[in-house]
Amino acid sequence: MEKKHNKITKKDLSYFISQNTGLSVIYVKKIIEDLLNFVIIELINNNVININNFGTFKILNKSKRIGRNPKDKIEYVILARKTISFIASKDFIKKLNNEF
């Protein structure tokens, strides 16, 4: 049986940071919004975002390809699109696996 995962929201994150820094929740929420907007804008501009001890975000350009519905074997064209790649840093992975 799988363990149910909790979802962390921006509100939860804002509250946590506020409690640990003494800054207001509203101010922290604005900082988080600005950070996320910065990441989005930089990714739209095809920039790689490397956050030390956390990981790297980058855009991958997927080519147009033919896909197939396995149930009825009908082929479909999957259009070219952009996706986001995140590669966790070695330090982050070590912390995740209690190897620090």
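Select Glu33 to begin: in this predicted model, Glu33 is partly exposed, with a relative accessibility of 26%. The side chains of Lys10 and Glu33 meet in a salt bridge, with 2.7 Å from N to O. This pair links distant parts of the chain, since Lys10 belongs to helix H1 and Glu33 to helix H2, 23 residues apart. Lys10 is also partly exposed, at a relative accessible area of 41%.

**Along helix H1**

Next, select residues 10-21, which make up helix H1. What distance does H1 reach from its first C-alpha to its last? Its twelve residues reach 16 Å, close to the 16 Å expected at 1.5 Å a residue.

**A pair within helix H2**

Go on to Lys30 and Asp34. These two residues form a salt bridge, and their closest N and O atoms are 2.9 Å apart. Why is the separation between Lys30 and Asp34 about one helical turn? The reason is that they are four residues apart in helix H2. An α-helix has 3.6 residues a turn, so residues three or four places apart point the same way. Side chains of opposite charge can pair when their charged atoms come close. Is Asp34 buried or partly exposed? Asp34 is partly exposed, with a relative accessible area of 37%.

**The largest pocket**

Keep helix H2, residues 25-44, in view. Then select Leu13, Ile32, Leu35, Leu36, Val39, Ile51, Phe54 and Phe57, the residues that line the largest pocket. The space in this pocket is about 300 Å³. Which helix gives the largest share of the lining? Helix H2 does, with four residues. Colour the lining by class: eight residues are nonpolar, and there are no polar and no charged ones.

**Arg68 and Glu75**

For the last stop, select Arg68 and Glu75. Their side chains meet in a salt bridge, at 3.0 Å from N to O. Are these two residues exposed or partly exposed? Arg68 has 53% relative accessibility and counts as exposed, because the cut-off for exposed is over 50%. Glu75, with a relative accessible area of 48%, is partly exposed.

To check the stops on charged pairs, show the salt bridges across the whole structure: a search finds three. They are Lys10 with Glu33, Lys30 with Asp34, and Arg68 with Glu75.

Note on methods: Residues are numbered from 1 along each chain as its sequence is written. This is a predicted model: local features need pLDDT of at least 70, side-chain atom pairs count only at pLDDT 80 or more; totals for chains, interfaces and linings use all residues. Side-chain values use heavy atoms; hydrogens and water are left out. Helices (H or I, at least four residues) and strands (E, at least two) are DSSP runs, numbered from the N terminus. The expected span of a helix is 1.5 Å times one less than its number of residues. On a 1 Å grid over the protein atoms alone, a cavity is a set of points where a 1.4 Å probe fits but cannot get out, and a pocket is an open set with protein on both sides within 12 Å along at least five of seven lines; lining residues have an atom within 4 Å of a point. Grid points are joined across faces, edges and corners, and a volume is the space filled by probe spheres set on the points. Ala, Val, Leu, Ile, Met, Phe, Trp, Tyr, Cys and Pro count as nonpolar, Asp, Glu, Lys and Arg as charged, and the others, Gly among them, as polar. A salt bridge is a side-chain nitrogen of Lys or Arg within 4 Å of a carboxyl oxygen of Asp or Glu. Buried means under 20% relative accessible area, exposed over 50%, partly exposed in between (1.4 Å probe, protein chains only).
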